[in-house]
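Let's take a walk through this model together, one stop at a time. Have the sequence and the 3D view open as you read.

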Amino acid sequence: MLALRRARPMTIPAMTAPEARPVSGRWIDPRGQRFGAATSALTLLIGLSIAAWPVVAVVALALALSSALGTRWFIFSRPWLAVRRAFGLGPSELEHEIPPRFAQALGATFLGLALALLAVGLVPWGWLPVVAVIALQTLLAATGFCLGCRLFFLRWWVPDLFARLVGRGIRREALIMVDLPPTG
């Protein structure tokens, strides 16, 4: 039971050949997701400060598109490749893209809720989910901790269904590495 509590997303070295990767699918540089979280959080913060719901709608659409089609479609993290090249940053560990896509689906859902609340005139309540998404994206950008990614690994049926739908049958358990407690 202790081992299950210490489960974490699997990462692999960047130089791992595609045929040697433990699970098929797209493996991504998590720094690109952190960069995308920072830029989208900043965009949402600007939208919040000027009370512009169309800005929220653009970010929600970008998150929904990326969660459905893949992280390469997330416009807020696209500049990361140029930033990485400009600063001469080398490869990092890779992570599978399914947990970040699940987190993006959760973010899109919260922003959709915000837009619905704003549309019916519940203005103060409509901005609360936007603030929550800003806070979680800022947390990801600043620390690398992705709450939505961690929620993906909980033992409930939504993450497993999501992985099967967007991951072409990938099982959630295949993306978990369990750290065993130290012996001795």
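Which residues do ring pairs link into a cluster? They are Phe102, Phe152, Phe153 and Phe162. For a ring pair, the rings of Phe, Tyr and Trp (its six-membered ring) must have centres within 6.5 Å; planes under 30 degrees apart are called stacked, over 60 edge-to-face, and the rest tilted. By this rule the count is 5 aromatic pairs.

Before going further, some ground rules. This is a predicted model, where local features need pLDDT of at least 70 and side-chain atom pairs count only at pLDDT 80 or more, while totals for chains, interfaces and linings use all residues. Residues are numbered from 1 along each chain as its sequence is written, and side-chain values use heavy atoms, with hydrogens and water left out.

Back to the rings. A pair of aromatic rings is described by the distance of the centres and the angle of the planes. For phenylalanine 102 and phenylalanine 162, that's 5.4 Å centre to centre and 70° between the planes, an edge-to-face pair. Phenylalanine 102 sits in helix α5 and phenylalanine 162 in helix α8, so this pair ties together parts 60 residues apart in sequence. The cut-offs are under 20% relative accessible area for buried, over 50% for exposed, and partly exposed in between, using a 1.4 Å probe and protein chains only.

Next, find helix α3, residues 53-69. Its buried residues are Val56, Val59, Ala60, Ala62, Leu63, Ser66 and Ser67.

Last stop: serine 92, in the loop between α4 and β4. Beyond its neighbours within four places in sequence, serine 92 is in contact (heavy atoms within 4.5 Å) with Ala14, Asp29, Pro30 and Arg31. The C-alpha atoms of serine 92 and alanine 14 are 5.6 Å apart, although 78 residues separate the two along the chain.

Definitions and conventions. Helix = DSSP H or I, 4+ residues; strand = E, 2+ residues; numbered from the N terminus. Expected span 1.5 Å × (residues − 1).
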